[in-house]
Amino acid sequence: MTTFLQLAVSGIALGSIYGLVALGFLVIYHATGLVNFAQGQLLMAGAMTAYVLLMQLDLGYPLVLLGVVVVALLLALVFRYGIHRPMVRRGAPTENMVVATIAFGLVLTAAAELGIGNTRYGVDPIFPGAPIAIGGVSMQTQSIVITAVAWVLVGLVWFFFTKTLTGVSLRAVGLNRTAAAVSGVRVSRLITVAFALSVIVTAVGGALVAPIIGAGPSMGLAIAVKGFAAAVLGGMSSVYRGMVAGVAIGLIEMLSSYYISSAYAPVIAYTILFLALVLMPARVRKSGATA
Amino acid sequence: MNVPRPRRAALAALALGSSIALVGCATAGSSEAQSGGDTSSEGPVKIGYIGALSGGSASLGVPIQHGIELAIDQLNEAGDLGRELELVAVDDEADATKSAAAAQRMVTEDGVVAVLGGPNSGTVLANNPIITGAGVVQLITVAQGDNLIDPETPGADLTYQVTENNSYDVGAIVQLFEDGAYDAICAVSDTTEYGQGGIQTIRTVFEERGLEIATAVSHEVNATDLTPQVLSLRDAGCDAVYLFDYGQDAALFMKTVNQVDWEVPVIGGRGLNQAAFLSIAGEAGDGIIFPSVIDPEKASAQEFIEAYDAKFGEDDDPAHTFSALGYDSVMLLAAGLEASGFEGGEALASALEDVTLEDAASGKEGSTLTYTYGDHRAPSDDFLTFWTIEGGEYQLYSRDVQSTRP
Amino acid sequence: MLEAHGLRAGYGKGPDVLLDADVVVGTGEIVAMIGLNGAGKSTIARTLAGLLPARSGRIVFDGDDLTRATTDERARRGLMLVPEGRELCASMTVAENLAVGTVPLPRAERRRRAAENLGLVHELFPILEEKRRQPAGSLSGGQQQMVAIARALMGSPRLLILDEPSLGLAPLLVREIFQVVSRLNGDGLSVLVAEQNAALAISHSSQAYHIELGAVSTTDATSEQRSLLKGGVVGDDRDEVVALQLPDYRWMGRRSPEAVAR
Amino acid sequence: MSTTAIRTQTEIARPVRHGSRRAVFWAEVIGSVVLLALPAIIPSAYQLRLLQDVAIWSILALSLTLIFGYTGQISLGQAAFYAVGGYTSAILQTALGVPAPIAWVVAIALGMGSALILSFPLLRIHGHFLALGTLALGLIVETLLVQLVPVTGGHDGILLPGAIHLGPWVQARFPYIVVGFLVLAYWLVRNLTQRGMGRAFFALRDDPDGAAALGVPVTRYKTLVFMIGGGLAAAAGVLYAHHTQVVTPEAFGFGTSIEVLLIVIIGGMSSRIGAVIGAAVIVFVPEWLQFLQEGENLVFGLLVLGILLFLPGGLVGGVRSAIRSLRRTRTSGEEVSA
C-alpha cells in the first residue's frame, strides 16, 4: 500500500509537469490553432536560464524566477514577431508554422549547446533540505513545489480564461477570429499575449523541474511529447482537462513501470494513448475550447 | 496571344538541375585521394575524428575531442614526430547515417591516415565497414561494445580499440559484488545501446562467475522520474544495485534512492564519470562506486590532468576519463605512425601491432596500452581504478581491485 | 457619419469585386443595401468593417479616415459589424459571447456601461437572459442572430452594420429582429443593413442602395465577374425596388457567387 | 469562406496547358535518365554515398508527400513503416537466409500491410489527434525495436554486410538500385497524383466532406494513400539497411519522422520534386556548413526558418512563384506591345 501511495504521489507530481507543458501547448493552440513543437526547448530554455542565473551568477531565487520570466517573454516576442506574424502575413499554411516551431526548437537547442555546452547541470532546489516523508510516503520538496505551482498556475490560467475580459477575448480569438475582431478585440496583440503566457508558463515549468533532473540542451523532448499527449487527451479543449490528462499519464507511467514492466512501460503508455485517441468519441474530439 | 508554354517544364528542369548542381558543388570541393590514407611526405598528416559533438552524447564526444586536441598540440609543439598532425573532426550527432557519410568523406575526400572513433558503439558499427573497407585504420577511443572488435568481421585487422570493453569493466566490478557477498544483486539501466549493452554484458559475466541478477529494471534515457524503478528494486529485496546509466539518469536514480530513504550499496558503470552526474546528484551521489581509468598517483596522469585543466578548465571534464582516452588514442596512433613512416593502411596496422604505451594518461600505475598481433584491445591487466563520491566530491575509492583482460 | 468613396476590394489575389463603390450613411439614418445573393453586399459590409482591405478608396467615419484601420479599431470607434452567418464563438456561453462585446467600452466605465447595455440587451431579447449559461452554438438560428446583434450592442456602437440578418430565419423572427433594429434606430443608432429581403429592408429604412451584379465584358475570355455598387438611391416606393430587382435573376443560373469571389 | 480555401481552389483550377504538360513529362523523363546515370558519372565514393542518402530520404519523403501533401493527413510516425521495411528485410536475410530480392518484396508488402491495418484506426481520427496517434505509433515501434532483443538485436541492431547478402557484384552496383527505386517511386507518385485520382486527392485535403458529396470514395482513397505511403517508406527502409549495412533503432526513431516532415516542408508540400530537393537540402547543407564547427546546427536551424519565412511554398513553391511572376511581367509586357 505504501508503495502504491508512493507511486501515486510521484505520478501526480510528474503528471503535474506534463500538465504544465500541456497548459503551454493549449494557450497558444487556443489563440492561434498552432501546435507548438518547440515546447520542449522552451522548457529547456527556462531550465538553462535558471541554471545560469542561479548557479553561475549566484542570484537569489526571486531574481532567478524574474529572469526566467523575462527571458521567456523575450523568446515569445522573438517567435511571435520574428516568425509567427510574418508567416501569417505571408499566408503560410499551418503545417509550415508547425514546422517553423520545430526549426525554432532546433535553433534554441543549438544556441544552448553553443552557449553552455552539451551536458546536464545540477540546479539547487528552492527549498534545500531532506525530502519530506509522511507515513512512509516521501516527496522531494521540489516536487511539492512543482505540483503546487502547476495547479496554482492552471487555476490562474483557468481564472484568466473564464473570468477576465482579456481571457475570454483571447478564447474568442482562438475560436472565431472574425467574431473577436468585429467585437473590437485587438486580435494581434492578444495573440502576442497568448504566446507570452504560454512561453512563460513553460519556461517556469523548466526552471522548476531543473532542480530534479538538471538543466541541459537535450532535456525537454521526453517531457514535451508527454505534455503534448496530455493536451490532446484532454481534448485540446480545456486547460484543466489537459492537467488532469497529464496527471493520468504520469500515473499510468509510474504504475505500469512498477506493476507491469519497466522496459515496456513506454509501449504500454503509448498504446493506451493510441487506443484512447482512436476510441475517443468524436464529440469530445470535435468540441472546441471551453476554457 | 500565346504564353510561351515550357514554363512548367522550365520549373521542373530547374528543380532537377539544382538538385544535380547540389551534387556538383559538393563534388567540386573534393580532392584527389587514394585508399590507405595520405602518404604524401609533404605537409601535416591528417587524422580524423568522428564523434557526437552535439546532441545528448556530446557530453562524451566533446571531452574526447578536447583530449585529442591536447595531444596533437603537445606533439606538434614538441616536434619529435618529424611531421605535424592535423585533426579533421566531424560531428555525427550519434547518428549512424551521418557517421557513415562522415567516414566516407574522411577516407576519400580528406585523405586521413587514420580515424579515431567516437563514444557510441552504434555509430562505430555503421562507419567501420566504410573506413576499413577503404583500407584505413580506425582506433575506437571510448566506445566499449564487446562486438566492436570481432576477428570474424571484415576489416578487423584494421580496427583497434583503445579503451577497455564492457566485459573488462564488468569483470572488475563483479569482484566488488563478490567481496560484498550480497544475496540479491539487482541492475538498473537505460534503454540506450550503452545501458542495454551493459546489462547484456553483466548477465554474461555473472553467469561465468556463478552469480545472478535478481531483478533488472530499465527506463528511457533522460528520465523525469525513476520512482517505480527504485521501488521495484527495493521491494524485490535487493541488497546491492548495479547502475548502468548515463550521468543525468544515474543522478536522478541516486536522488530517488535517497528520497525513499533506502540504504543500499550502488556500484555503477563508467557513465558516472560524466560531469552531469556529480553536478546533478551532488551529495545524493555519496557512496556510489564506479570504475575509472584515472590513477591520481600516476605521474603521467597528473601531468595530463594539469595540462588539460589549464587548456579547457577544470569543469570541462572533471573526471578526465573520456578526455584521457582521447588523448591516449592520439599517442598510440602517433607511435604507430612514427613506426610506419607515416604510411597508413596495412603499414600502419602492422606497425600498431607492435606499439606499447607505458606512460599513458589513462590506466593504473604499472598498466600499459599495448597492441599485439591479433589482439587489438589496448588495456593491459590492472588498468582500472575505482572512485566514489564523498561530500559531493570525487574521491579515489580503491586502487586494489584487480582487473583482468577478459 | 460614414462616408466611403471609390471603394475597390476583392478576395485573395482575385479581381476586384467592388468597383469604385460609394456608401454614405448619415447620423441617425437607417440605410438598406439590397440586392441578390452574391451581388456584393457582404463584400461592402466586410470592407467597411475592415475584414477585407480596401484596395483603393477612402472610408471616413465621423471625420476620421479609417481606410487603413484594423477591424478591431473600427469596432472600438463605434463602427460595428454584425457579420453574415453570425460568427459566434459556439462553444462559449451566451454570457461570454456578450462579454466579448464589451471590449470597445472605455476601461474606466466598462463595468457600469456593460451592466447598462446588458440590461438593454436582455430587455430587447429576453430569451438571451434565460439562455445566458448555454453554449451559443446550442441555440437556434434566430437566437444566435440575437446574440450576434446583442454582442454588437454591448459595445455601445454608433453605427451598426448588419450583414444579412434574416439569412435562414423564420419570417416571424426576421420581423422581430427588424423591429428591434427600428427601435434602436429610434434611440439614435445609425444602421446600415445588407438584406436580400428587399421589401422588408426598405420598409424599415429611410434610404436604400441597390447593389447589382454585372459583368464588365463577356467577350474577353479571361474577364472576371464584377459587381458594381451603383450610387443610385432607391426611393421609398417598394414596387419600384422589386421591379428593379427582377431582371437580375437571370444571373443566378449562370454565375455562382464563388465565381465572383474568386 | 476562408482565404485558404480560395487559394487552393485556384490551385486546382490552375489551367494546365497540354504543351506545357508534355514538356514537364519530358523534363521528368530526362531527369530520371540523368538520375539513373548519376552513379556512373559521380567519381567520388563520398559523393556517391551522399547521393544514396538523398535518394533514400527522397523515397521516404515521397511517402509522406503522398499522405500529407495530397490528402492533408499528418503523419509523425512515418519512421515506423521505414522500420518495418528495414528490419523485416534485414531479419529475413540474416536470421532466415532469405535471398535479398524476396526479402525486399516481403518487407515492402509488410509495410503496405501494416499501413493497411493501421489505416482502420488511424483514419478515424484527424488533425492534431492523428498527428499524436502516428507519433505514438512511431514511439511504440521505436521502443519495440529496442526491447525485442531476440528479434531486433536491441541496440546492437542487425549487421547486414553487403558483401555477404548482396554479393560483391551487386554491392558495387547498389547505388544504381537506390536511384532506380527513387525513379520508380517518383513515377508511381506522379501517376497516382496526375490522373483524375490526383484531383480527388487534392479534394480530400481541401474539403473532405465536399469530396465525399461529389462521390469520391474518401475512405477508400485515404486507405490506398496510406497503404502506398507505407510501402514506399518500407522500401526506403529496405534500401537504408543495405546502404548502412546495419539497422539500429536510432535510425528509425522520432527524429527520423521529424526530419522527413522537415524535408517535405522545405521542398514544398504536395510537390514530387520538392521531396527530392528537400532531401538534397537536408543532406548537403549540413555538409557545406561543417566549416562552421559548433555553429553548424544553429545556422542550419536559422536557414530552415528562413526558408519557411520567405518561401511559404517551400523551395519549389518559391521557384514556381518566381517563374509565375516572371511570366506575368512578360505577358503584361506583351499586352502593352500588342
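This is a predicted model: local features need pLDDT of at least 70, side-chain atom pairs count only at pLDDT 80 or more; totals for chains, interfaces and linings use all residues.

Colleague: How many residues line the second largest pocket, and which lie nearest its centre?

Modeller: The lining has 46 residues. Nearest the centre are A:T119, A:Y121, B:A275, B:D315 and B:D316.

Colleague: Which elements give two or more residues to that lining?

Modeller: From chain A, helix 2 (39–56) and helix 4 (94–116). From chain B, helix 2 (58–78), strand 2 (85–91), helix 9 (275–281) and helix 10 (299–312). Helix 16 of chain D is on the list too.

Colleague: And how much space lies in there?

Modeller: About 1200 Å³. The lining residues divide into 17 nonpolar, 18 polar and eleven charged.

Colleague: Switching topic. How much do chain D and chain A bury between them?

Modeller: About 3800 Å², with 82% of it on carbon and sulfur atoms. In chain D, the residues that lose the most area to chain A are D:H128, D:F129 and D:L132, together 19% of what that side buries.

Colleague: How many residues does each chain put into the contact?

Modeller: Chain D gives 39 and chain A gives 43.

Colleague: Which element gives the largest share of chain D's side?

Modeller: Helix 6 of chain D, with twelve residues. By class, that side has 30 nonpolar, seven polar and two charged residues.

Methods. Residues are numbered from 1 along each chain as its sequence is written. Chains are lettered from A and ligands numbered from 1 in the order in which they are written. Side-chain values use heavy atoms; hydrogens and water are left out. Contact means heavy atoms within 4.5 Å. Buried area is the accessible area (1.4 Å probe) that two parts lose on being put together, summed over both. Helices (H or I, at least four residues) and strands (E, at least two) are DSSP runs, numbered from the N terminus. Ala, Val, Leu, Ile, Met, Phe, Trp, Tyr, Cys and Pro count as nonpolar, Asp, Glu, Lys and Arg as charged, and the others, Gly among them, as polar. On a 1 Å grid over the protein atoms alone, a cavity is a set of points where a 1.4 Å probe fits but cannot get out, and a pocket is an open set with protein on both sides within 12 Å along at least five of seven lines; lining residues have an atom within 4 Å of a point. Grid points are joined across faces, edges and corners, and a volume is the space filled by probe spheres set on the points.
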